Amino acid sequence: MTRMKFAVLVFPGSNCDLDMFHAVQDTVGEQVDYVWHTADDLSAYDAILVPGGFSYGDYLRCGSIARFAPVMAEVHRAAEAGKFVLGVCNGFQILTEAGLLPGALIRNNSLKFRCHPVDLIVENARTAFTNAYAQGETIRVPIAHGEGNYYVDDETLSRLKKNNQIVFRYAGDNPNGSVDNIAGVCSERGNVVGMMPHPERAVSELLGSKDGARMFTSVLNAWRERHGAAIGG
Amino acid sequence: MKAKVYVTIKENVLDPQGNAVQGALHTLGFGEVSKVRIGKFMEIELEAADRAQAEERLRSMCEKLLANTVVEDYRFELEVS
């Protein structure tokens, strides 16, 4: 049987790429490769994972330089083709800078780098990355960011609500000042998801939680459904 | 030519750094400060045939990279030597 192929992008300054790589191996065990930021072909991959870190030292703005890396043209192409794209933390910042997801991430309102587990509400359990969760379920996943304060203007916020593009909200305390407690959003088609919390750091009880593991099983479900349908059709 | 580019946080977007600096100024006895907004200032040297071309190129630089227009505004001044 054909195996699903994951790409974990690596930019200069990425530092959650190893966690992401091992999370794929440990949760779904499908094929996964590191792909350097200079790559110009992602056609072999079914899912593109953009990991956290401080790409290009966060110079100018988080993600502002990474979005022009050669591989990003391929990420745009993959997103347009309906492939699965997930950006976590700095990866989320890169996807918003690239215009693949709406909004922007600005400095936490506390000005503090917040690094601790948070409870998230799964607001949309129909995306490619959340189909293994129950709608409205609360999950525990760590955050680790200084600039995770999600901003969109009122008009965009109502559009996100209308299209069901809010994927995760912080339950209880809002750790960074994000508009409407938003922790993660998706594209209109739902194949591109971005979030500040780190599901790849919550894939085993040894890590304090394994609630993040189902993000990976979700995307495998989504891929199998699509793949199976293609064979059947 | 030399350009001075100013990137500022949009009026309706919260500026946590500005608020913290305002608080610090109050602590230091500068109670008259009612608002602080922090932005970026960049000096850019560039070649261009004329002012109009330089302005057009700078606008494009700001839109593409120097500012994130979701949360920031920009303006620039051009010194033609």
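Colleague: Is strand S9 of chain A enclosed or open to the outside, and why?

Modeller: This is a predicted model. For burial, count neighbours: a residue is buried if 20 or more other C-beta atoms lie within 10 Å of its own. Four of the five residues of S9(A), 166–170, are buried, so the strand is largely enclosed by the rest of the structure.

Colleague: Which strands does S9(A) pair with?

Modeller: Strands of a sheet pair through backbone hydrogen bonds, either parallel or antiparallel. Strand S6 (residues 114–122) of chain A pairs antiparallel with S9(A), over three bridges. Strand S10 (residues 182–186) of chain A also runs antiparallel to S9(A), joined by three bridges. Look at A:Phe168. It stands opposite A:Val122 of S6(A), and its bridge partner in S10(A) is A:Gly184.

Colleague: What is the strand order in the open sheet of chain B?

Modeller: The order is S2-S1-S3, three strands with antiparallel pairing. Strands S2 (40–45) and S3 (72–79) of chain B are the edges, each pairing on one side only. From one strand to the next, the twist averages 20°. Helix H2 (residues 51–66) of chain B packs on this sheet and touches S1, S2 and S3. Its direction makes about 155° with that of S3(B).

Colleague: How many bridges join S1(B) to S2(B)?

Modeller: Six, with S1 spanning residues 2–9 and the two strands antiparallel. One of the pairs to look at is B:Val7 with B:Lys40 in S2(B).

Colleague: How many residues does each chain give to the contact?

Modeller: Chain A gives twelve and chain B nine. The chain A side has four nonpolar, five polar and three charged residues.

Note on methods
Residues numbered from 1 in each chain as written. Chains lettered and ligands numbered in written order. Predicted model: local features only at pLDDT ≥ 70, side-chain atom pairs only at ≥ 80, totals over all residues. Contact = placed C-beta atoms within 7 Å. Nonpolar A, V, L, I, M, F, W, Y, C, P; charged D, E, K, R; others polar. Pairing = 2+ DSSP bridges. Axes fitted to C-alpha atoms, helices over the stretch in contact; angles between N-to-C directions. Buried ≥ 20, exposed ≤ 12 C-beta atoms within 10 Å, placed from the backbone.
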